[in-house]
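Q: Could you walk me through reading a sheet and a ligand site?
A: Gladly; let's look at the model together.

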Amino acid sequence: MSGYVEFKDVTKTYRTGEVEINALSGVSFTIGKGEFCVIVGASGAGKTTILNILGGMDTLTSGSAWLDGTEISALGKKQLTAYRRYDVGFVFQFYNLVQNLTALENVELAAQICREPLDAAEMLRQVGLQDRMKNFPAQLSGGEQQRVAIARALAKNPKLLLCDEPTGALDYATGKSVLKLLQDTCRNTGRTVVVITHNQAISAMADRIITVRSGKIESVRMNDHIADVADIEW
Ligand SMILES: Nc1ncnc2c1ncn2[C@@H]1O[C@H](COP(=O)(O)OP(=O)(O)O)[C@@H](O)[C@H]1O
Ligand SMILES: [Mg+2]
C-alpha cells in the first residue's frame with residue numbers, strides 16, 4: 001500500500017522575532033506500509049522537522065500530513081496527545097530512558113499508557129536483552145540502552161516507528177547492530193520504520209530513500225539493491 005504515510009505540499013516556517021526560517025517548503029512524499037524508509041540529508045536540511053510533524057510533536061504551517069488515512073495536521077491538541085501516545089513509537093539519539101527505573105520498568109512504563117501494549121519482557125527478548133532486564137540504564141552500554149529504547153517504542157505497538165539519528169551517539173559496530181535490529185524489526189513484524197540520518201551510506205539498506213536538501217525534497221526513490229547492513233561501510 002503506498003501512501004500509508006503522506007506529506008502533501010508541506011511548509012514549515014519558524015518565526016523568531018523578526019526572523020523567518022523556512023525549514024520546509026513544498027515537501028511531498030509517500031511511504032508505504034511496512035517499509036523501511038531512510039530520510040537522509042545534511043545537518044539543517046529539515047529532517048527533524050519532518051519527523052516532528054509526522055510524530056505529532058510539531059505543527060506545520062501549510063499543506064497536510066497523513067498516517068493511515070488520518071490527517072495528522074487536522075488533529076486538535078487532545079487528539080495529538082492521543083496520536084503521539086498510541087500511534088507512534090519514538091527512538092532518539094540519546095535514548096531518553098528513566099535512570100532510576102530498570103530496563104524492564106522503562107518498557108513497562110511506556111506500555112502502561114497504551115491501549116494494546118505488547119509484553120514488555122517479550123519486547124526486551126526481541127531486542128536481545130533477555131539477560132539485562134533488571135539492569136538500570138547506567139549499568140548498560142550505549143548500544144544496550146538504545147535497544148531498551150527500541151523495545152520501549154515497540155511495546156506501544158505503534159503504527160509507525162520514528163527514529164531520529166538513532167546511531168548518532170554510538171560507535172561504528174554498535175550503530176550497525178542497532179540499524180540491523182531496526183531493519184529486522186521491520187521485516188519480521190511488518191512495522192513501518194522511518195530512520196533519519198545525515199549518513200548517506202545508511203540509505204543503502206532502505207526500501208525507500210527520501211533525500212532532503214535545504215527544506216525541499218531532492219529525490220524519493222525505491223532501492224532496487226537493498227544492502228545488508230554488514231556490507232555497508234562508512
Ligand atoms: N524550533 C526552531 N526554531 C527556529 N528554527 C528552527 C527550529 N527548529 C529547526 N529550525 C531550523 O529549521 C531548519 C531545519 O532544521 P532541522 O529540521 O532540525 O534539520 P535537520 O534535522 O535536518 O538537521 C534549520 O535551519 C534549523 O535551524
Ligand atoms: Mg535533526
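Q: In which sense do strand E4 and E5 pair, and over how many bridges?
A: In general, strands of a sheet pair through backbone hydrogen bonds, either parallel or antiparallel. Here E4 (residues 62–67) and E5 pair in the antiparallel sense over 2 bridges; pairing needs at least two DSSP bridges, and strands are DSSP runs of at least two residues (helices, H or I, at least four), numbered from the N terminus. Trp66 has Glu71 in E5 as its bridge partner. This is a predicted model, where local features need pLDDT of at least 70, side-chain atom pairs count only at pLDDT 80 or more, and totals for chains, interfaces and linings use all residues. Residues are numbered from 1 along each chain as written, chains are lettered from A and ligands numbered from 1 in written order, and side-chain values use heavy atoms, without hydrogens and water.

Q: Which strands are at the edges of the sheet?
A: The open antiparallel sheet has 4 strands in the order E2-E1-E4-E5. Its edges are E2 and E5 (70–71), each pairing on one side only.

Q: Which element supplies the largest share of the shell around ligand 1?
A: H1 gives the largest share, 3 residues.
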